[in-house]
Amino acid sequence: MFFVNLFCLLLRNENKKDNFTAKNLLHRLKSKTSPFWIKIRNGMIVIGAICGALIGAPAELPSLIDTLAGYGVAIGAVGAVLAQLTKK
(Lines give C-alpha, C1' and ligand atoms only; values in the text may rest on other atoms or scores of the structure.)
Protein backbone atom coordinates (compact mmCIF):
# COMPACT_ATOMS: atom_id res chain seq x y z
CA MET A 1 0.00 0.00 0.00
CA PHE A 2 2.96 2.29 0.62
CA PHE A 3 3.98 2.12 -3.04
CA VAL A 4 0.44 2.87 -4.23
CA ASN A 5 0.34 5.97 -2.03
CA LEU A 6 3.79 7.01 -3.21
CA PHE A 7 2.73 6.51 -6.83
CA CYS A 8 -0.40 8.60 -6.26
CA LEU A 9 1.66 11.32 -4.63
CA LEU A 10 4.06 11.45 -7.57
CA LEU A 11 1.26 11.70 -10.13
CA ARG A 12 -0.80 14.25 -8.23
CA ASN A 13 -1.82 17.30 -10.20
CA GLU A 14 -3.42 20.13 -8.26
CA ASN A 15 -4.85 21.83 -11.37
CA LYS A 16 -7.03 18.90 -12.44
CA LYS A 17 -10.28 17.76 -10.91
CA ASP A 18 -9.41 14.07 -10.75
CA ASN A 19 -6.34 13.82 -8.54
CA PHE A 20 -4.71 10.42 -8.32
CA THR A 21 -5.88 8.56 -5.26
CA ALA A 22 -5.75 4.86 -4.52
CA LYS A 23 -9.44 4.57 -5.40
CA ASN A 24 -8.97 6.50 -8.64
CA LEU A 25 -5.92 4.40 -9.49
CA LEU A 26 -7.89 1.17 -9.15
CA HIS A 27 -10.69 2.68 -11.24
CA ARG A 28 -8.20 3.59 -13.98
CA LEU A 29 -6.74 0.06 -13.94
CA LYS A 30 -10.20 -1.43 -14.48
CA SER A 31 -11.38 1.07 -17.13
CA LYS A 32 -11.25 0.58 -20.90
CA THR A 33 -8.00 1.32 -22.71
CA SER A 34 -7.68 2.56 -26.29
CA PRO A 35 -6.44 0.10 -28.95
CA PHE A 36 -3.11 1.96 -29.35
CA TRP A 37 -2.25 1.57 -25.67
CA ILE A 38 -3.38 -2.06 -25.71
CA LYS A 39 -0.77 -2.71 -28.42
CA ILE A 40 1.86 -0.88 -26.40
CA ARG A 41 0.90 -2.84 -23.27
CA ASN A 42 1.10 -6.17 -25.10
CA GLY A 43 4.46 -5.22 -26.60
CA MET A 44 5.83 -4.36 -23.17
CA ILE A 45 4.59 -7.68 -21.79
CA VAL A 46 6.36 -9.50 -24.64
CA ILE A 47 9.59 -7.56 -23.96
CA GLY A 48 9.39 -8.44 -20.27
CA ALA A 49 8.69 -12.11 -21.02
CA ILE A 50 11.57 -12.45 -23.49
CA CYS A 51 13.99 -10.77 -21.10
CA GLY A 52 12.74 -12.92 -18.23
CA ALA A 53 13.37 -16.01 -20.34
CA LEU A 54 16.90 -14.78 -21.02
CA ILE A 55 17.52 -14.34 -17.31
CA GLY A 56 16.20 -17.81 -16.53
CA ALA A 57 18.02 -19.53 -19.40
CA PRO A 58 20.10 -22.51 -18.25
CA ALA A 59 22.91 -21.62 -20.67
CA GLU A 60 25.75 -19.41 -19.48
CA LEU A 61 25.21 -15.98 -21.03
CA PRO A 62 27.58 -13.01 -20.89
CA SER A 63 27.03 -10.66 -17.99
CA LEU A 64 26.13 -7.82 -20.35
CA ILE A 65 23.16 -9.81 -21.67
CA ASP A 66 22.06 -10.65 -18.12
CA THR A 67 22.24 -6.98 -17.16
CA LEU A 68 20.33 -5.82 -20.23
CA ALA A 69 17.73 -8.54 -19.69
CA GLY A 70 17.20 -7.29 -16.14
CA TYR A 71 16.62 -3.78 -17.47
CA GLY A 72 14.27 -5.21 -20.11
CA VAL A 73 12.13 -6.90 -17.45
CA ALA A 74 11.87 -3.64 -15.51
CA ILE A 75 11.05 -1.62 -18.63
CA GLY A 76 8.46 -4.17 -19.71
CA ALA A 77 6.73 -4.21 -16.34
CA VAL A 78 6.63 -0.45 -15.90
CA GLY A 79 5.59 0.15 -19.51
CA ALA A 80 2.75 -2.36 -19.28
CA VAL A 81 1.39 -0.81 -16.08
CA LEU A 82 1.58 2.73 -17.43
CA ALA A 83 -0.09 1.72 -20.68
CA GLN A 84 -2.89 0.07 -18.70
CA LEU A 85 -3.43 3.25 -16.68
CA THR A 86 -4.43 5.29 -19.73
CA LYS A 87 -8.14 5.78 -20.18
CA LYS A 88 -10.10 5.57 -23.40
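The model is predicted; local features require pLDDT of at least 70, side-chain atom pairs count only at pLDDT 80 or more, and totals for chains, interfaces and linings use all residues. Residues are numbered from 1 along each chain as its sequence is written, and side-chain values use heavy atoms, with hydrogens and water left out.

The protein chain contains four helices and zero strands. Helices (H or I, at least four residues) and strands (E, at least two) are DSSP runs, numbered from the N terminus. The order of elements from the N terminus is α-α-α-α. Of the 88 residues in the chain, 22% are buried. Here buried means under 20% relative accessible area, exposed means over 50%, and partly exposed lies in between (1.4 Å probe, protein chains only). Contacts are heavy atoms within 4.5 Å. Among contacts between residues at least 6 apart in sequence, 58% join residues at least 24 apart. The chain exposes about 6700 Å². Carbon and sulfur atoms supply 70% of that area. Accessible areas were computed by the Shrake-Rupley method with a 1.4 Å probe; for residues, only the protein chains shown count as cover.

Helix H4 spans residues 63–84. Its 22 residues should span 32 Å at 1.5 Å a residue, and its end C-alpha atoms are 32 Å apart, which agrees. The expected span is 1.5 Å times one less than the number of residues. The buried residues of H4 are Ala 69, Gly 72, Gly 76, Gly 79, Ala 80, Ala 83 and Gln 84. These residues cover an arc of only 110 degrees around the axis, so they sit on the same side of H4. The arc is taken over the directions from the helix axis to the C-beta atoms. Ser 63, Tyr 71 and Ile 75 are exposed on the other side of H4. Cover for the buried residues of H4 includes helix H2 (22–30) and H3.

Helix H2 has its own buried side. Asn 24, Leu 25 and Arg 28 are its buried residues. They cover an arc of only 105 degrees around the axis, which puts them on the same side of H2. Lys 23 and Lys 30 are exposed on the face turned away from that side.

Thr 33 occupies the loop between H2 and H3. Its relative accessible area is 11%, so Thr 33 is buried. Beyond neighbours within four places in sequence, Thr 33 contacts Ile 38, Ala 83, Gln 84, Thr 86 and Lys 88. Two of these, Ala 83 and Gln 84, are among the buried residues of H4. Lys 39 belongs to helix H3. Lys 39 counts as exposed, at 62% relative accessibility.

A nonpolar patch lies on the surface. Val 46, Ile 50, Leu 54, Leu 64, Ile 65, Leu 68, Tyr 71 and Ile 75 form this patch, with about 770 Å² of accessible area together. Helices H3 (35–55) and H4 (63–84) are the elements that give two or more residues. H4 gives the most, with five residues. Patches are made of residues with over 30% relative accessible area and no salt bridge; like charges are joined within 9 Å, and nonpolar side chains (Val, Leu, Ile, Met, Phe, Trp, Tyr) within 5 Å. A salt bridge is a side-chain nitrogen of Lys or Arg within 4 Å of a carboxyl oxygen of Asp or Glu. Leu 54 lies in H3. Leu 54 is partly exposed, with a relative accessible area of 34%.
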